[in-house]
Every structure is written in C-alpha cells, then in structure tokens.
There are 2 protein chains.
Amino acid sequence: MGRPPGYKYVMHTHDDIDAVTAAVLTTSRLFVAISARSLAAMEETVTLPQYRMLVVLSTRDSAKLVDLADQLGVNPSTATRMITRLIKADLVVQEVNPDNRRERVIRLKPAGRRLVDDVTSHRRAEIAAIITRMPSAQRGALAEALNAFNEAGGRTSVPPG
Amino acid sequence: MGRPPGYKYVMHTHDDIDAVTAAVLTTSRLFVAISARSLAAMEETVTLPQYRMLVVLSTRDSAKLVDLADQLGVNPSTATRMITRLIKADLVVQEVNPDNRRERVIRLKPAGRRLVDDVTSHRRAEIAAIITRMPSAQRGALAEALNAFNEAGGRTSVPPG
DNA sequence: ATGAATCGTTTGCATTATGCAAACATCGCG
DNA sequence: CGCGATGTTTGCATAATGCAAACGATTCAT
C-alpha cells in the first residue's frame, strides 16, 4: 500500500509523544517527592493545607476570602476557619475592606512570608542540586524544552530573573 | 584575586542552573494544576487522601498497613481508619496474612483499580495534549532532558544497574 | 428610597483526616 | 514460659472539609 510521504515522520511523532508523556509522568512523581521533603521542614509549624493557603497569599498582596477559597478549591467556610487558625498563629492578618465592608481582606504577616520563603528556597535548593548532578550539556536543553512545555501548558515561561 | 581560567565557564554554568531551576519550578506548578484537574473527575467517589492511598496500593500487589502509612507519610492509626472507610466503600479488601497473623494485608478490589486507572489515563491524556501543542522539534529534546533530570533526581546515591 | 436579588462571610452540623499515646495481639528468641 | 520487637487498633483531641442556612452589606429596580 502506498504510504504517504510523511508516514515515517508521523509514526515517529506518535512514539515521541508516548515517550515524552512517560518521562513527564515520572518527573511529576519526582516533584511530589521533592515537595514532600521540602514540606517536612515546616510540618511542625503549620499543616499542609495551611501552608498552601500561605502560598496563595504570597502570590497576592492581599485577597478576600472567596478568592482564596477559589484558588485552593475549597469551600468558603473551610477557608474562613483556616484563616481563623492562621490569625491565631500570627501568620496572617484580616481587616475589613473600607471600600466594601462586606469583604475581609487577608494579608500575610512577616512570619507567614518568612515561612513560605523558607520552604520555597529549600525546594529551589533541592532542584538546583538535582540539576547540578545532571550532565551540564543537558541543562540548556532542559530549560529550553521545559519552557516550551510550560508554554504549551498554558503558563508563562521563565519569569525574568 | 586572580580568577582561574575556568571563570567564565563557571559563571555560565551557574546562570544555567538558575534558569533551569526557574523553569523546573514553573513546571512543578503546572503539574499541580494538571493534577487538580484530573482529580476533579473523581472527587465525588473518594476523598483526595483516599485516592492517594489507592494509588499506593496500585503500585503494589498487596501491602500491610504500616507500609502504606509509611508511603503516605501518615500515622498508622490514620491508615487504619482510612482503610476501614475504603473497605466500606468496596474499593479494597483486607485479610490476615496466614504466615504472620499480626499483619493484615490490603489489596485493591477491581473497582478501586478502575478508579485509579481512570484518573491516571485522564492525566496522561492531558499531558499528551500539552505535548501535542509543543513544537514537535522540541519533543525529543524534552524526553531526553527529562530522563536526565529524573535520573539525577531519582536516587541521591545508589543508581541501580 | 425601599424592597429584593446579590455578594461575601460566618455558623451549625456531619464526616473525614490527622497525630500521639496507650492498649492489644502476635511473633521470635532465650 | 516470659520478654522484647513488630504490627494494628482505640481513645482522645484537633484540623479540614462540604453543605445549607443565617447574616450583613451592597446594588439595583421600580
């Protein structure tokens, strides 16, 4: 049967997708392990859900409760009570928005920001350590390929350093 | 201080590591988002911790409770009660190990395995979709680079044959 | 401007997840 | 047999979670 000229190329592409998907899934699991280790450092200070709340807060200067709940994918009532505990732990503050007194605006306190920074830098160090163990010739290729992947996945690629 | 001949090379390497680390961190966040979407499909059937338990079980033919707790990083008592609920949901079975009657061996039931498979294939499809959107020239490079990364991150010390 | 829909948060209630410590059951060994 | 180690469960306390209802503040029509 006369195959189209692109036959081999198409097959090759399909194999590529399978191979890359497998590699990506493995990487995904590796990230989970890295996260777990990074988090172990602070598990005594806050719980994991509380930490995730702090992370969301760290990416916004301030936020109202509904938005936080939305970002975390939890019910507003859950967010309310988590914030209550984080206030008690002195990691965040909550104040009424004077422009719209329905809203309560939540903000990280210094201790909260410090905690997030600590975990992030721990994770960053761990990733950097892995990269250091990679053949240096691969590093540029990894950055380039991941940026393409991130782009295709609907995220901004590398932020300006 | 007289700089060693390798100065520029070393600096370049350092920049590489920073750039790659940033890209990896972004990818890590992307994976979290992908996971969240994949999980949304089954949130009505089991809770997230329960799902993670099923995943651990899916990688072993059978397991005793302590091992499961260990893999999940939770207390054995927590694992006990989670298994109790999964049994009630008909997703796993538990039986006494005749060789060592202290141990209770837990195993996935078909419904449990099906659930894990569904979520996994959903995630795999989502990753494949992203890869399809990537420039095809990048795919091979991504697989190669990720394999190197996984290798470097997989085991900190002893690489198996 | 006043009553009604709407937005944003909280509370009540029930269930699950979690850790710690103590109890309990089984095994292996001297 | 008795004792330490291994493996699981239970009691207790707290956190996380969703849903539904209550509540407060705003906005919008009429």
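Trainee: What rotation superposes chain A on chain B, and with how much shift along its axis?

Mentor: In this predicted model, a rotation of 180° brings chain A onto chain B with 0.0 Å of shift along the axis, and the RMSD is 0.1 Å. The two copies are therefore related as by a two-fold rotation axis.

Trainee: How do you know that the same surface serves both copies?

Mentor: Of the contact residues of chain A, 89% recur in chain B. The contact itself takes 46 residues from chain A and 45 residues from chain B, where two residues count as in contact if their C-beta atoms, placed from the backbone, lie within 7 Å.

Trainee: Which helices of chain A each supply at least two residues of the side that touches chain B?

Mentor: They are helix H1 (7–40), helix H5 (110–133) and helix H6 (136–152) of chain A. By class, that side of chain A holds 25 nonpolar, 15 polar and 6 charged residues.

Trainee: Which element gives the most to the surface near DNA strand C?

Mentor: H4(B) gives the most, with 5 residues. By class, the surface near DNA strand C has 8 charged, 8 polar and 6 nonpolar residues.

Note on methods: Residues are numbered from 1 along each chain as its sequence is written. Chains are lettered from A and ligands numbered from 1 in the order in which they are written. This is a predicted model: local features need pLDDT of at least 70, side-chain atom pairs count only at pLDDT 80 or more; totals for chains, interfaces and linings use all residues. Helices (H or I, at least four residues) and strands (E, at least two) are DSSP runs, numbered from the N terminus. Ala, Val, Leu, Ile, Met, Phe, Trp, Tyr, Cys and Pro count as nonpolar, Asp, Glu, Lys and Arg as charged, and the others, Gly among them, as polar. Copies are superposed by least squares on the C-alpha atoms of residues with pLDDT of at least 70 in both.
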